[in-house]
Amino acid sequence: MISTFYLITFLASLLLTVIYLYKWHKHYEVNISIIFTLIPIANLGYLLMWHSPNEESYITALKITYLGGCFLLLFITLCVFRLSGIKVKRWVRTTGFLICLLMYAGVLTLGHYPFFYKNMFFQRNGSELIIAKTYGPLHTVFYVVIGLYCVCGIFAILYSLYAKKQTSRRILYLLFLPEIIAILGYVGSHFFTKHTDLTPLSYNLAQIVYLLIIRRMSLYNVNDNVIQSMVQTGETGFVSLDFSHRYLGSNETAKNILPELRELRVDQSIDSYESLKGNITHWLGHFEEDDSVHNNLYIKRNPENEDDNEIYIVKINYLYVGNRKRGYQIFLNDDTKNQKYIALMDKYNEELEQEVSEKTEKIIEMHNNLILSMAVMVESRDNSTGGHVKRTSEGVKILVNEIKKNNIFGLSEEFCKDIIKAAPMHDLGKIAVDDAVLRKPGRFTDEEFEKMKKHAAEGARIVHEILKETDDESFKIIAENVAHYHHERIDGSGYPEGLKGDEIPIEARIMAIADVYDALVSKRVYKDSMSFEKADSIIMEGMGKHFDKKLEPFYVKARPRLENYYKSLSST
């Protein structure tokens, strides 16, 4: 009876493994494949143990069964972590395997050293087998390791049930069963059956559960299902190439789109094929230059009727084998109807877009003129800074043009245009300064200067209100920063916030140089204009204190143009 039990469990494990091999797919979890390999080996060991004629053959069979005992729970646990969506680092997997290997090394000492079993009694009376064992210290370690694997597996399942929304609940529930079955098999063998070890049966039950799991896994393997669906429906053509542009294969749809593919041999380089240089080679060249560029358009022309041209969207991505990039995958999707509709809409919208563009330019021009007029109006209240708005705007433009030549700050073209456009708005806050202070024909007292200093923050507020409805968010930010921070100093001694260094926006640092330069070389009520040499000396002395030291080389290069500009003003 017991012999029949072991024979049936062994044959069942073989049958279940054959079923798994029949259903096997290359993307199945590798740990499951190892489990299905180890179980028939372990169950064979149990069958051989029962039929062992002597102690030596019994020990050999026992060592075979421990292949399952030492390694199965490791791979079951790794499988649980993988299917639960929890990544296990390579060194953790390697350490776990080495621990199991060391345990099995202890098993191999059976019959030679008392490390795993201190001693063992073997007696066969016909069909009856009597075995008595005394466990050694390594066997205790074996139980501890097995217990830890069970705890880790159950913890991973519970954690994923709570925290992993993209992991199938059905698979997680199924993963509980092998853990429970393993525990029940052990408990049943040691406490409820005297002569029969239920572990082989628990292995068979675990195999059945894993067959249910792989059946469910095939539904969740979205990537494979999508690819297979595309191949079956024939709506998408795809071409595979390695990194050396050697042809690996394509489906029938791709061959219909690109008939040249029918003449290619597998492993032939497409670079040597003239008729493919204008499409596949060209597409790959773009992708290799910038792999964020995925899409191209391919037009399959009908020489008899242009209206019957077919248009395809070409998408390129890397070809993966496991987690490694091994080549390129090219997908071709028919987009003819959509592209013809887009062309028709473009035709209808072209004149409308032109009209909208013209009107938009007029609105922007009106908007800019309005802002400039406001700046000039504010300036007209200040009898000491006439023409300051226009001059500082030109100064900013000259500085920005020098910065663009060696753009260490990485300023975009849009940013450069915006700061030049925002420069006239830097003193809008003076509209809130009392006339008695603003129009004072002389230097300010400390109290008056404190009032004047408020124009920076007030300017930022006014700019914000003026531009709050604009769609140009970047211009709004730059204009606010120019108004708010153009009196900040690089050493932190400026106002209104006392910012220092790179805390001050770059647009405000540029504006500060143009603003101070104009103040130095222009005549004011309370002072005469300063010579260019003296102004330059003050500006250079302020580098690293008042002004950004990194802007110094650009100011030096811009200085001749600044001087020529101000000379041209004095001559008119």
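Buried denotes under 20% relative accessible area, exposed over 50%, and partly exposed the range in between, with a 1.4 Å probe and protein chains only. The model is predicted, so local features need pLDDT of at least 70 and side-chain atom pairs count only at pLDDT 80 or more, whereas totals for chains, interfaces and linings use all residues. Residues are numbered from 1 along each chain as its sequence is written, and side-chain values use heavy atoms, without hydrogens and water.

Helices (H or I, at least four residues) and strands (E, at least two) are DSSP runs, numbered from the N terminus. Helix α4 spans residues 90-107 and has 18 residues. From first to last C-alpha it reaches 26 Å, close to the 26 Å expected at 1.5 Å a residue, the expected span being 1.5 Å times one less than the number of residues.

| Class in α4 | Residues |
|---|---|
| Buried | G96, C100, M103, Y104, G106, V107 |
| Exposed | R90, W91, L102 |

The buried residues of α4 line one face of the helix, because they fall within an arc of 155 degrees seen down its axis; the arc is that of the directions from the helix axis to the C-beta atoms. R90, W91 and L102 lie on the other side. The buried residues pack against α3 (55-83) and α5 (137-163).

I64 belongs to helix α3 and is partly exposed, at a relative accessible area of 22%. Beyond its neighbours within four places in sequence, I64 is in contact (heavy atoms within 4.5 Å) with I41, A42, G45, L48 and Y104. The C-alpha atoms of I64 and L108 are separated by 9.8 Å, although these residues are 44 residues apart along the chain.
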